[in-house]
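Thank you for coming; I would like to walk through one structure this morning, taking its contacts one interface at a time. Please have the sequence and the model open as I speak.

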There are 2 protein chains.
Amino acid sequence: MMLDERKIKILAAVIHDYIATAEPIGSRTIARKYRIGISPATIRNEMADLEELGYLSQPHTSAGRVPSHKGYRFYVDFLMPVKKLSDTEQALIRRIFNKRVNELEQLVREAARVISTLTSYTTLTIGPQLKTSRLKHINVNRIDETKGLLLMVTNYGTVSHNIIEIPQNLNDSDLVRISNVLNANLQGKTLVEITSDIIDSIKNEMIEYDEILNILLEILLENLDDVDESGNVVSTGSSKMLDYPEFQDVEKAKNFFSLLEQNDLMTKVLKTSMKPDSINITIGSENPFIEFQDFSIVTSNIRVDDKDLGVFGILGPTRMEYSRVVSILEQVTNYLTKTLSTML
Amino acid sequence: MMLDERKIKILAAVIHDYIATAEPIGSRTIARKYRIGISPATIRNEMADLEELGYLSQPHTSAGRVPSHKGYRFYVDFLMPVKKLSDTEQALIRRIFNKRVNELEQLVREAARVISTLTSYTTLTIGPQLKTSRLKHINVNRIDETKGLLLMVTNYGTVSHNIIEIPQNLNDSDLVRISNVLNANLQGKTLVEITSDIIDSIKNEMIEYDEILNILLEILLENLDDVDESGNVVSTGSSKMLDYPEFQDVEKAKNFFSLLEQNDLMTKVLKTSMKPDSINITIGSENPFIEFQDFSIVTSNIRVDDKDLGVFGILGPTRMEYSRVVSILEQVTNYLTKTLSTML
DNA sequence: ATTTAGCACTCTAAGTTCGAGAGTGCTAAA
DNA sequence: TTTAGCACTCTCGAACTTAGAGTGCTAAAT
């Protein structure tokens with residue numbers, strides 16, 4: 001059954017009010033606040049219908065109505081108004097992209113902070129999946145008599161560095177040679193493509209440098225492992241959640257914070273709700289992970305030239321200011337992809 | 001007035017029990033649990049004395065006693081038993097120092113995590129004060145036709161890297177020359193010593209590279225600013241606090257988390273409670289910052305060869321397991337300084 | 001055929017009362 | 001000096017009460 005216009009108005013009113021107040025809404029309130037021009041009694045009848053259809057529910061018999069997940073879904077799909085951001089908000093976003101920043105990670109981190117400031121929800125991010133990133137540059141710098149720095153830069157602008165011990169018998173031109181060979185063999189490869197075949201061939205090419213090569217390649221492999229750990233999710237603004245009435249119960253709050261600490265779970269969640277669409281909304285029980293029953297997650301892909309460079313995820317109560325969150329996310333990801341496409 | 005032995009026993013009992021239970025302790029409980037061989041009535045008299053002397057206090061007339069800050073102080077200074085760590089705990093600590101890690105930051109981060117796991121309190125860390133760190137190595141690597149990487153390594157092993165645009169007209173040997181000059185002029189200097197005089201002299205030395213030098217020096221100055229922001233405090237294990245009865249009140253929990261978010265305040269607090277002693281305990285109102293009335297902080301300096309490389313701070317309720325915390329901190333900082341002294 | 005006023009009914013949330021329990025301080029006996 | 005005894009105090013939770021918000025149904029009004 002399709003909803004008629006009056007039902008839609010009422011549904012919208014309930015959701016709008018509930019998002020703002022977190023209190024169940026009664027028929028009288030709607031009649032008073034949202035001038036639809038019908039009496040509370042009629043609204044009551046309509047609300048009973050909406051409940052039967054699954055869009056609303058009642059916490060208990062004599063309370064007002066609360067939106068169900070289906071209700072939010074309808075709202076998000078058909079009713080949600082486009083929220084224009086205020087000038088100051090826009091300015092705040094633009095500001096971080098005006099700074100000349102050349103590193104993906106830093107840029108993403110700043111963006112996440114702005115998102116969480118503007119939305120007042122927790123912002124999660126996972127960076128580019130290193131598995132798919134390609135080695136752009138690798139070399140060894142000497143920093144003093146005994147120490148050097150192994151540098152790796154990926155095509156996404158991610159830099160990793162490791163201080164290493166340099167064997168006494170190597171001079172600077174040895175290091176240059178090693179760097180050259182490493183580059184020649186590894187440049188353009190994704191990390192998973194670096195197989196033992198390639199490694200062996202490098203070793204063969206430079207048997208005389210066996211000692212340092214072992215060290216370097218071990219570090220390379222270590223970094224590969226770190227990648228698989230998928231522990232690269234970062235969250236910002238988590239303490240804001242304690243302001244919301246749904247977390248006034250300490251049990252709930254504890255639950256939330258320990259969820260956040262489970263990096264692997266959070267990564268999975270972000271990845272699964274990351275669909276081809278630019279913005280994706282997962283409401284309450286729509287989430288395959290039961291732990292997120294009472295949360296909604298809005299994700300947005302950072303995608304440049306068909307490459308996925310990361311994801312933003314806004315985690316909040318199902319009673320989330322969806323329209324606001326979506327606008328902010330759209331805005332930020334837009335700027336970000338624009339900036340990144342010139343940068344990479 | 002000095003406390004006689006019996007009073008001390010009773011005080012110790014109250015503190016011991018209160019640390020374990022967070023409930024006020026009555027005379028009967030002490031007589032029952034801690035066989036001191038005197039009746040509840042006598043204990044009551046003694047407790048009344050201890051209260052008058054300021055070591056205990058009563059939440060309300062007909063409740064048991066609770067240690068005051070002065071009580072904790074006495075306990076910490078004179079009574080605290082040395083807590084031996086269990087073998088598994090020791091092993092856990094040793095494990096992180098067995099991994100070959102060459103970077104200060106990473107090592108400190110791991111150490112902080114172990115501390116917070118073992119203590120179940122929040123662990124704060126500030127790394128080496130970059131102001132005092134000396135530039136050990138600086139250079140520019142090319143990573144592709146248009147981009148390069150500015151690398152800076154300090155004597156503490158801190159590495160900072162920035163991707164930069166390289167002007168078209170520069171070839172690799174130009175970069176080498178620039179790196180050499182930068183090194184020659186800046187090596188061994190602390191960041192604050194890099195004055196505009198030095199910068200000017202570098203520019204004069206290589207007027208032909210004005211363009212890139214401006215970029216590089218701008219980044220250098222930016223990094224300097226970041227240092228001053230003192231926003232380099234990191235916390236681990238904050239959600240554990242929600243398990244303690246003193247944070248069952250959401251208001252308190254919120255308060256705690258927003259404290260944690262005030263980076264500048266936290267840095268100040270850590271720095272002020274960081275005394276020459278290796279381990280320092282600040283109990284409740286002893287803390288000059290009123291926000292920390294209800295907390296205790298145990299700090300431990302990471303000091304190698306008279307250089308301060310950072311601080312650990314354990315933040316917990318005044319009812320803290322001081323002896324455990326101190327042992328763990330001692331143990332970890334010991335290992336850490338040992339490792340670092342071979343590393344730096 | 002809808003809409004609405006009216007009303008009985010339900011349920012929660014916030015007070016209020018009350019008694020049990022834990023603990024105290026004082027007194028007087030050991 | 002220590003301790004038993006006892007009256008007193010205060011908190012905490014349980015049980016009860018009530019105001020208020022909201023509902024659903026019925027019957028009248030449109």
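Let me begin with a term: by a polar contact I mean a pair of N or O atoms within 3.5 Å, where within protein one atom must be able to donate a hydrogen and the other to accept it, and where residues adjacent in sequence count only if both atoms are side-chain atoms. By that rule, 10 residue pairs, both members at pLDDT 80 or more, are in polar contact between chain A and chain B.

Please keep in mind that this is a predicted model, in which local features need pLDDT of at least 70 and side-chain atom pairs count only at pLDDT 80 or more, while totals for chains, interfaces and linings use all residues. Residues are numbered from 1 along each chain as its sequence is written, chains are lettered from A and ligands numbered from 1 in the order in which they are written, and side-chain values use heavy atoms, with hydrogens and water left out.

Staying with the two chains, 35 residues of chain A are in contact with 36 residues of chain B, contact meaning heavy atoms within 4.5 Å. About 3,100 Å² is buried between chain A and chain B, with 53% of it on carbon and sulfur atoms; buried area here is the accessible area, for a 1.4 Å probe, that two parts lose on being put together, summed over both. On the chain A side, A:Arg100, A:Ile163 and A:Val250 lose the most area to chain B, and together they make up 17% of what that side buries.

There are also four salt bridges across this interface, a salt bridge being a side-chain nitrogen of Lys or Arg within 4 Å of a carboxyl oxygen of Asp or Glu. A:Asp243 forms a salt bridge with B:Lys254, with 3.5 Å between the closest N and O atoms. By class, the side of chain A that touches chain B has 13 nonpolar, nine polar and 13 charged residues, where Ala, Val, Leu, Ile, Met, Phe, Trp, Tyr, Cys and Pro count as nonpolar, Asp, Glu, Lys and Arg as charged, and the others, Gly among them, as polar.

Now to the domains of chain A, whose bounds come from an automatic or database domain assignment: domain 1 covers 5-79, domain 2 covers 87-129 + 231-343, and domain 3 covers 135-228. The centres of domain 1 and domain 2 of chain A, taken over C-alpha atoms, are 29 Å apart, and their contact takes 10 residues from domain 1 and 15 residues from domain 2. About 950 Å² is buried between these two domains, 64% of it given by carbon and sulfur atoms, and A:Ile19, A:His69 and A:Arg73 supply 53% of the area that domain 1 buries against domain 2. One salt bridge is counted between domain 1 and domain 2 of chain A, and A:Arg73 forms a salt bridge with A:Glu286, at 2.7 Å between the closest N and O atoms.

Which residues are closest to DNA strand C? Of the 21 residues that surround DNA strand C, the closest are A:Thr42, A:Thr61, A:Ser62, B:Ser27 and B:Arg65, near meaning that a heavy atom of the residue lies within 4 Å. A side-chain N or O atom of B:Ser27 is 2.8 Å from a phosphate oxygen of DNA strand C, whereas a polar side-chain atom of B:Arg44 lies 3.0 Å from a base nitrogen.
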